[in-house]
Amino acid sequence: MTYSDAGLIAWANSINGVYLDLDGAPRSAPYQCHDVFLSYIVNPMFGLPLSDGYAPGTEYTDECWRQFPTNRPGLAKKFTRYSGTGIKAGDVIFWSSYGAVGGLPHVAVALSGVNAQGQVYCVTQNPGAVKHAWLS
């Protein structure tokens, strides 16, 4: 990756508390987790076009991970796909379903590694405004 910790924190703080809607979708609930991902990749740290972050296939956010890197070659120049628990600050984390009872996919940007409780401090959105929160 080509970012600095200072750049990551500056970006995270700049959108904290903001209602982000970069893709205009879905109209019924525009402030989604995917907008955080889009904000991250278009940030000058990465400088990718917004179109590189659109989810292919089902259009759920986890399709960006499932179909990576064939879905968006620009992403492959800046990110590496891996599975596991070695999460670190700056990583984009995709969940195929969110929570122990399932639900829709989720995406967030890590601000820390995994703590002893199996949680990661992240930049996230949905519902409401962007926030920094511990996620499992």
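Me: What does D62 count as, buried or exposed?
Reply: The relative accessibility of D62 is 6%. The model is predicted, so local features need pLDDT of at least 70 and side-chain atom pairs count only at pLDDT 80 or more, while totals for chains, interfaces and linings use all residues. Residues are numbered from 1 along each chain as its sequence is written, and side-chain values use heavy atoms, leaving out hydrogens and water. At 6%, with buried meaning under 20% relative accessible area, exposed over 50% and partly exposed in between (1.4 Å probe, protein chains only), D62 counts as buried.

Me: Which residues does D62 touch, not counting residues up to four places away in sequence?
Reply: D62 is in helix α3, residues 62-66 (helices are DSSP runs of H or I of at least four residues, strands runs of E of at least two, numbered from the N terminus). With residues up to four places away in sequence not counted, D62 touches (heavy atoms within 4.5 Å) F94, W95, S96 and P105.

Me: How are α1 and α2 placed to each other?
Reply: Helix α1 (residues 5-15) packs with helix α2 (residues 33-42) at about 135 degrees, their axes 11 Å apart. Axes are lines fitted to C-alpha atoms, for helices over the stretch in contact, and angles run from 0 to 180 degrees between N-to-C directions. Under 35 degrees counts as roughly parallel, over 145 as roughly antiparallel, 65 to 115 as roughly perpendicular and the rest as oblique. The two helices, α1 and α2, are therefore oblique.

Me: Which residues of α2 make the contact with α1?
Reply: From α1, the contact is made by L8, W11 and I15. From α2, it is made by V36, S39 and Y40.

Me: What do the buried residues of α1 line?
Reply: The buried residues in α1 are L8, W11, A12 and I15. Seen down the helix axis, they fall within an arc of 95 degrees (taken from the directions from the axis to the C-beta atoms), so what they line is one face of the helix.

Me: Which elements do the buried residues of α1 pack against?
Reply: One of these elements is a helix, α2. The others are β2 (106-114), β3 (120-124) and β4 (131-135).

Me: How far apart in space are I41 and K78, C-alpha to C-alpha?
Reply: I41 is in helix α2 and, at 0% relative accessibility, counts as buried. Among the residues that I41 touches, not counting those up to four places away in sequence, are L75 and F79. I41 and K78 are 37 residues apart in sequence, and their C-alpha to C-alpha distance in space is 8.9 Å.
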